[in-house]
Amino acid sequence: MFYLRVDSLSKAYHDKVLFKDVAFSLSKGQRVALVARNGTGKTTLIRILAGEEPADQGRIEWARDIRVGFLPQEPELNPEHTVMQALYASERPELRAIHAYEVALKSQDTAQIQRAYAEVERLHAWDYQVMAQQILSRLKIDGLEQPVAVLSGGQKRRIALAQTLLDAPDFLILDEPTNHLDLDMMEWLEQYLTSQSMTLLMVTHDRYFLEAVCDEILELEQGQLYRVSGGFSDYLAQKYARLERESRETEVARNRYRRELAWFRKQPRARGTKSRARSEAFLSLQDELESVSGEGALSLDILMPRLGGKILELHHLAKAFGDKVVLKDFSHDFSKGDRIGVVGPNGSGKSTFLNLLVGEQPLDQGEVVIGETIELAYYRQQNMHFRNDQRVIEVIKEIAEVLPVRGGGQITAAQMLERFLFPAPVHWRQVSTLSGGEKRRLYLLTVLLQNPNFLILDEPTNDLDIATIEVLEDFLQDFKGNLLVVSHDRWFMDRLVNHLFVFEGDGQVLYFPGNYTDYWLAQQEQEKALRQQAKEDKSKEDKPLERKPPRENKPKLSYKQQKEYEGLEQELEQLQTRKQQMEAELANPGDLGAGSLQKLSATFGELEAEIESKELRWLELAELAEG
């Protein structure tokens with residue numbers, strides 16, 4: 001069944017044509033990604049489909065009675081609403097009923113609770129309440145009574161995502177849904193979107209997310225739309241095959257493909273996001289493409305300042321903001337050539353850690369010792385200060401006219417711009433005409449052109465398109481200095497880092513030897529072992545779980561399990577409140593009809609079963625926490 005048909009769609013701004021005569025269709029159940037370079041119109045295209053702005057010409061046809069949900073990059077929430085009001089700002093009757101029921105529970109007005117409960121029953125909306133609890137828990141949305149106006153951009157973004165998912169539209173349009181999500185949230189969202197019978201069109205630069213969620217990719221390039229069946233690995237294969245057919249002289253593209261291919265072949269298959277069929281299809285092009293790809297690789301082997309014996313030493317660092325501890329007695333000596341990724345939940349202190357290292361925030365305790373030969377360059381999330389009347393080439397030349405490369409040559413500012421996907425005609429455009437992603441790409445280039453030997457990058461892939469991220473990866477793979485990077489881009493981290501600092505909360509930082517996928521697999525094994533241990537403990541002991549003495553040398557909770565443990569406490573409290581309300585209603589059966597009484601009894605039984613299940617899990621985690 002078709003959901004969407006697009007025919008002869010065109011859009012231009014002044015003399016810049018974004019796309020012309022675009023045509024495609026999507027059917028029920030398809031999950032499709034739209035990819036393109038920054039500034040080429042992908043966000044404009046999905047905004048047109050969502051009815052947020054008009055096309056110049058063309059026709060958009062939706063199936064009858066289809067409900068469309070849209071998550072923009074910059075959601076607009078009513079600042080006067082509370083978080084709860086924002087989450088339930090929907091016309092769907094089931095959600096409005098659940099919202100009224102939640103409000104009634106807080107009021108403790110028995111009559112109001114009974115009316116709200118009856119409406120939820122009439123609409124069979126309890127599934128929506130379960131879904132709401134799951135989504136809010138996984139996206140770490142709390143403080144439901146605080147006003148939207150006081151929230152950060154990332155918090156607003158997560159609320160908008162939750163609101164869109166809760167509305168459960170027939171067709172979802174998502175613009176960069178993983179922005180402002182930490183790694184746990186991303187992996188949950190992958191599972192959620194693939195486990196539901198969803199029809200989806202999204203823009204994202206997260207390549208693992210593309211591989212896991214999408215079954216088709218649309219690429220918008222030079223105003224034309226190309227369609228590829230499969231995930232990101234299939235797109236890579238067909239993309240570079242097309243480049244080979246179109247031009248045997250695209251040396252940069254061929255070399256980039258060869259790097260992608262070599263890296264892809266090394267990846268563990270246990271992750272589950274790359275199917276065997278996709279991997280085989282991708283690798284099957286190796287002989288065909290390597291036969292024409294020639295030798296050599298894209299090289300930006302810039303002659304950076306030499307690294308001495310002392311790189312960067314961290315001695316007993318400590319930092320806290322009131323009761324929130326970011327670092328607690330953390331020490332580490334960087335070695336020459338270290339490439340370290342920094343991961344952890346949102347708000348755990350990753351960006352603060354980088355600011356402490358460069359002296360932009362004071363330490364409570366400890367010392368940072370920087371080697372005499374070290375030239376630091378720091379890419380921040382928020383530091384784009386350009387004059388709008390500046391030309392693009394002028395911004396770059398203020399940093400450096402040329403950079404020396406090994407062998408006695410040099411690379412000019414204009415050549416660096418072209419390497420980072422700024423073609424010659426763009427060099428003389430004013431900065432004010434660039435898109436947000438293009439400005440971020442330009443800022444990134446100004447940092448790299450400082451010719452450091454120690455690079456610190458805070459979320460460098462945010463708002464960049466896939467093509468630019470690939471160029472950045474190429475540059476950083478050639479980079480001979482030290483690298484310290486905070487990123488939620490798992491593909492980016494897997495390709496570039498060989499160690500991790502894992503911020504686990506409460507000031508604890510784990511040093512892990514390996515990339516993100518290595519860490520993810522280790523976490524899966526650890527959690528599997530803990531579940532097996534808990535299962536064996538239950539089978540060996542005759543006493544009730546709550547009376548078991550704590551075991552010696554028992555593994556403590558992982559960070560994820562600690563969060564689950566805390567979340568279960570809140571959920572059980574809410575479930576017990578609901579149980580008490582239902583018990584009160586069952587105690588007065590005269591107020592209910594026979595049919596309603598039967599439904600209420602059945603729902604009460606389900607509620608008791610849910611409470612029992614969650615209590616058992618809570619007891620398992622509580623036992624582990626006491627170890």
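**Reading side-chain contacts**

Visitor: Let's start with Lys319: does Lys319 count as buried or exposed?

Guide: Buried, because its relative accessibility is 7% and the cut-off for buried is under 20%. Keep in mind that this is a predicted model.

Visitor: Which side chain does Lys319 meet in a salt bridge?

Guide: That would be Asp364, with 3.7 Å from N to O. Next, look at where the two partners sit: Asp364 is in the loop between α13 and β13, while Lys319 is in strand β10, so the pair ties together parts that are 45 residues apart in sequence. Asp364 itself counts as partly exposed, because its relative accessibility is 48%.

Visitor: How many salt bridges does the structure hold?

Guide: There are 21. Another of them joins Lys328 and Asp506, whose closest N and O atoms are 3.7 Å apart. Lys328 belongs to strand β11 and Asp506 to the loop between β19 and β20, so this pair ties together parts 178 residues apart in sequence. Here Lys328 is partly exposed at 41%, and Asp506 is partly exposed at 49%.

Visitor: What about Glu473 and Arg495, buried or exposed?

Guide: Glu473 is buried, with a relative accessible area of 0%, and Arg495 is buried too, at 9%. Their side chains meet in a salt bridge of 3.0 Å, N to O. Glu473 lies in helix α17 and Arg495 in helix α18, so the pair ties together parts 22 residues apart in sequence. Salt bridges can also link up: Lys11, Arg47, Glu53 and Asp56 form a network.

Visitor: Now the rings. How many aromatic pairs are there?

Guide: The structure holds 19. Take Phe330 and Phe353: their ring centres are 5.9 Å apart and their planes are at 80°, so the pair is edge-to-face. To call that, you just check that the angle is over 60 degrees. Phe330 is in strand β11 and Phe353 in helix α13, 23 residues apart, so the pair links distant parts of the chain. Both are buried.

Visitor: How are Phe512 and Tyr519 arranged?

Guide: Edge-to-face again, at 5.5 Å centre to centre with 75° between the planes. Phe512 counts as buried at 15%, and so does Tyr519 at 12%.

Visitor: Which residues do ring pairs link into a cluster?

Guide: Phe330, Phe334, Phe353, Phe454, Phe501, Phe503 and Tyr511.

Visitor: And where does the charged end of Arg5 sit?

Guide: Over the ring of Phe2, 3.7 Å from its centre. Arg441 has its charged end over the ring of Phe422, 4.6 Å from the centre.

Conventions: Residues numbered from 1 in each chain as written. Predicted model: local features only at pLDDT ≥ 70, side-chain atom pairs only at ≥ 80, totals over all residues. Heavy atoms only, no water. Salt bridge = Lys/Arg side-chain N within 4 Å of Asp/Glu carboxyl O. Helix = DSSP H or I, 4+ residues; strand = E, 2+ residues; numbered from the N terminus. Buried < 20%, exposed > 50% of the residue type's maximum accessible area, 1.4 Å probe, protein only. Phe/Tyr/Trp six-rings, centres within 6.5 Å; stacked < 30°, edge-to-face > 60°. Lys NZ or Arg CZ within 6 Å of the ring centre and 35° of its normal.
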